[in-house]
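Q: I would like to learn how to read the features of a protein model. Can we go through them one at a time?

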Amino acid sequence: MEYRHELKYVVTATQMALLEKRIRNLVPLDRHVGPDGKYRIRSLYFDDYYNSYYNENEIGTDPREKFRIRIYNGDPGRISLELKRKEHGMTQKLSCKLTREQCEQLMKGRPLPVDNSYPPILQKLNLQMRTRLLKPKVIVEYERVPFVDPLGNTRITLDMNIRSSDYCSMFFDPEVPGRPVMEAGRHILEVKYDEY
C-alpha cells in the first residue's frame, strides 16, 4: 500500500453535526456501519519502557511508526494487527489478521514463537517485543461515523467520545473502564486520501 495523505482536525460538537449533515449528501457512509450510522473502534497500542512511540508522535519525529491491534464493535472474529508509518507528512498502514489465541498472547506482552510463515508485520512486532521489549500500553476506543468515496480513495471520518484505558487485559471485554482523551465537546475530523 502506498503512502496517503492523512489530515486531522479538532472540531466542536456543533461543527461535527454541521459537517455530518453536509457530507452525508455528498459522500456515502462506509458499508460496515451499523443501523445508527457508525461503528465502535477499539485499539490496543504497544510501546517500549520509555514510551518511545508515544514521545515520537508528540514531538513529530519523521519518520515514525506504531503498532496496534484493532477490533470493531467488540467483535473478536475480526482482529487486525496494524503498523502505521508516518513519513514526510504521509501515512502508510499495513495490516494482517490475528487469531484470538495470537492476540491473547500478545496482550499478555509475550511474543509468539518464531515462525517464518507469519506475515511480515507480525514478524516485525515479534522481533520488537523480543529486542525492544514492546508491550501493550493503552487501549483507545471511540465511535466513528465513516464516509467513503472511491474518487481519490477518500475517507472522511468523524470520531467522537474518544477515551483511553490502562486496562489492557480487558481488550475483549464488552466494556472497558476509561477516561476521556479530549475536553468535553471536542471531537476529531479526519480526511484521508491518495493523490487528490
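Q: Which are the buried residues of helix H3?
A: Keep in mind that this is a predicted model. In helix H3, which covers residues 100-107, the buried residues are Gln102, Cys103, Leu106 and Met107. Around the axis they span an arc of only 135 degrees, which puts them on the same side of H3.

Q: Why do residues three or four places apart point the same way in an α-helix?
A: An α-helix has 3.6 residues a turn, so residues spaced three or four places apart point the same way.

Q: What covers the buried residues of H3?
A: The cover includes the strands S2 (39-47), S3 (64-72), S4 (79-87), S5 (90-98) and S6 (135-149), together with helix H4 (120-131). After H3 comes glycine 109, which has a positive phi near 80 degrees.

Q: Which residues of H4 are buried?
A: They are Ile121, Leu122, Leu125, Asn126, Gln128 and Met129. Viewed down the axis of H4, the buried residues fall within an arc of 165 degrees, so they line one face of the helix. The face turned away from the buried side carries the exposed residues Pro120, Leu127 and Thr131.

Q: What covers the buried residues of H4?
A: Among the elements that cover them are S2, helix H2 (52-59), S3, S4, S5 and H3. Just after H4, leucine 133 takes a positive phi of about 60 degrees.

Q: How do I read a strand, and how many residues of S3 are buried?
A: In a regular strand the side chains alternate between the two faces of the sheet. As for burial, eight of the nine residues of S3 are buried, so S3 is largely enclosed by the rest of the structure.

Q: How many bridges join S2 to S3, and do the two strands run parallel or antiparallel?
A: S2 and S3 run antiparallel and are joined by five bridges. One example is serine 43, whose bridge partner in S3 is arginine 70.

Q: Over how many bridges do S3 and S4 pair?
A: There are seven bridges, and S3 and S4 pair in the antiparallel sense. Here glutamate 65 stands opposite arginine 85 in S4. The hairpin of S3 and S4 has six residues between the strands, and in this hairpin asparagine 73 has a positive phi near 55 degrees.

Q: What is a disulfide, and how many does the structure hold?
A: A disulfide is a covalent bond between the sulfur atoms of two cysteines. This structure holds zero disulfides.

Q: Is glutamate 2 buried or exposed?
A: Glutamate 2 counts as exposed, because its relative accessibility is 66%, and the cut-off for exposed is over 50%. Glutamate 2 sits in the segment before strand S1 (4-12). Leaving aside residues up to four places away in sequence, glutamate 2 touches Thr91 and Gln92.

Q: How many salt bridges does the structure hold?
A: The structure holds 21 salt bridges. In one of them, arginine 24 pairs with glutamate 20, with the closest N and O atoms 2.4 Å apart. Both residues lie in helix H1 (residues 13-24), four residues apart, about one turn of the helix. Arginine 24 is partly exposed, with a relative accessible area of 39%.

Q: Where do arginine 179 and aspartate 166 lie?
A: The side chains of arginine 179 and aspartate 166 meet in a salt bridge at 3.1 Å, N to O. This pair links distant parts of the chain: arginine 179 is in strand S8 (residues 179-180), and aspartate 166 is in the loop between strand S7 (154-165) and S8, 13 residues apart.

Q: Are glutamate 190 and lysine 192 buried or exposed?
A: Glutamate 190 and lysine 192 are both buried. Their side chains meet in a salt bridge of 3.2 Å, N to O. Salt bridges that share partners join Glu6, Lys8, Lys84, Arg144, Asp159, Glu190 and Lys192 into one network.

Terms used:
Residues are numbered from 1 along each chain as its sequence is written. This is a predicted model: local features need pLDDT of at least 70, side-chain atom pairs count only at pLDDT 80 or more; totals for chains, interfaces and linings use all residues. Side-chain values use heavy atoms; hydrogens and water are left out. Buried means under 20% relative accessible area, exposed over 50%, partly exposed in between (1.4 Å probe, protein chains only). The arc is that of the directions from the helix axis to the C-beta atoms. Contact means heavy atoms within 4.5 Å. A disulfide is a pair of cysteine sulfur atoms within 2.5 Å. Two strands pair if DSSP finds at least two bridges between them. A salt bridge is a side-chain nitrogen of Lys or Arg within 4 Å of a carboxyl oxygen of Asp or Glu.
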